[in-house]
Amino acid sequence: MDRQKYVIVTAGGSGTRMHSDVPKQFLEIGGKPILRQTIERFLEYDPQIRVIVTLPSASKEMWKDYCASTGFIERYTIATGGITRFHSVRNALRYVPDGALVAVHDGVRPFVTKEFLSGIFEAASRCEGVIPVIPAVDSMRETGRDGLSLPVDRSRFVMVQTPQIFRSEMLRKAYSQAYSTSFTDDASVFEAAGFKVSVYDGLRMNIKITTPDDLLIAEAMLGSRL
């Protein structure tokens with residue numbers, strides 16, 4: 001039996017690192033807010049996917065007004081963002097039933113493709129949870145307390161992306177745990193509850209837009225696709 005698909009799009013960021021008064025998820029690339037670009041990728045993959053957006057309370061009306069005035073998306077749920085990403089996702093999971101596949105994705109990663117989403121959701125249907133990873137390509141060092149640093153073997157490390165996709169009943173159970181600072185992403189929460197995470201080849205172009213330089217790169221990437 002196929003599981004209903006959900007995506008929790010985390011959009012609780014601010015404009016701090018962007019040096020902007022506008023939260024980064026609402027900045028535009030290609031004439032559209034980054035958040036809209038991100039959600040569109042999931043709707044292109046599956047028009048029936050259930051969309052849940054986590055937003056700070058102060059941004060909810062802004063998003064509702066934007067969707068209403070542009071006719072962007074009619075069927076979606078807004079969950080209140082929490083003090084950390086962990087708390088935001090936990091709030092969003094209240095709207096996800098057991099027996100589903102639920103993806104958690106950064107609202108400022110707008111370059112996932114239909115083909116990539118198809119592959120990773122297919123992989124997720126066969127395991128408890130799956131995360132996309134890409135190899136580290138730069139030389140890496142480990143810094144020490146004395147200011148010195150030592151080179152490390154980069155082949156031992158991978159870079160983790162989103163969407164991270166899980167069986168919803170397991171992720172809901174995982175998020176019933178008390179918060180810990182060791183929870184760096186959804187996979188770390190999932191594993192702490194005793195569940196297994198599998199890896200899937202990530203997408204190099206699946207960048208996270210967090211700085212002004214990222215915004216310039218994103219505009220160039222989007223322009224090359226038009």
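A residue is called buried when its relative accessible area is under 20%, exposed when over 50%, and partly exposed in between, using a 1.4 Å probe and protein chains only. At 41% relative accessibility, Arg75 therefore counts as partly exposed. The structure is a predicted model, in which local features need pLDDT of at least 70 and side-chain atom pairs count only at pLDDT 80 or more, while totals for chains, interfaces and linings use all residues. Residues are numbered from 1 along each chain as its sequence is written, and side-chain values use heavy atoms, leaving out hydrogens and water.

Not counting residues up to four places away in sequence, Arg75 touches Pro47, Gln48, Ile49 and Arg50, contact meaning heavy atoms within 4.5 Å. Arg75 and Ile52 are 23 residues apart in sequence, with 9.4 Å from C-alpha to C-alpha.

Two further residues can be compared with the same cut-offs in mind. Ser59 lies in the loop between E4 and H2 and is buried, with a relative accessible area of 5%. Beyond residues up to four places away in sequence, Ser59 touches Pro23 and Phe26. Met62, in helix H2, is partly exposed at 40%.

The helices come next. The axes of H1 (residues 34–45) and H2 (residues 60–70) come within 12 Å and cross at roughly 65 degrees. Here axes are lines fitted to C-alpha atoms, for helices over the stretch in contact, and angles run from 0 to 180 degrees between N-to-C directions. This makes H1 roughly perpendicular to H2; angles of 65 to 115 degrees count as roughly perpendicular, under 35 as roughly parallel, over 145 as roughly antiparallel and the rest as oblique. The contact is made by Leu35, Arg36 and Ile39 of H1 and by Trp63, Tyr66 and Thr70 of H2.

H1 also packs with H4, at an angle of about 65 degrees and with the axes 9 Å apart. H1 is thus roughly perpendicular to H4 as well. In this contact, Arg41, Phe42, Glu44 and Tyr45 of H1 meet Lys114, Leu117, Ser118 and Phe121 of H4.

Several of these names return in the interior. A nonpolar core is a set of buried Ala, Val, Leu, Ile, Met, Phe, Trp, Tyr and Cys residues joined through side-chain atoms within 4.5 Å. The largest such core has 30 residues, and those touching the most other members are Leu35, Ile39, Val53, Leu55, Trp63, Phe121 and Ile165. H4 supplies the largest share of this core, 5 residues. Leaving aside neighbours within four places in sequence, Leu35 is in contact with Val9, Ala11, Gln25, Phe26, Val53, Leu55, Trp63 and Gly107. A second, separate core of 25 residues includes Val96, Ile131, Ala174 and Phe190.

Finally, helix H3 (residues 85–92) has 6 of its 8 residues buried, so H3 is largely enclosed by the rest of the structure. The buried residues are Phe86, His87, Ser88, Val89, Asn91 and Ala92. They pack against E1, E4, strand E5 (77–80), E6 and helix H6 (186–192).

Technical notes
Helix = DSSP H or I, 4+ residues; strand = E, 2+ residues; numbered from the N terminus.
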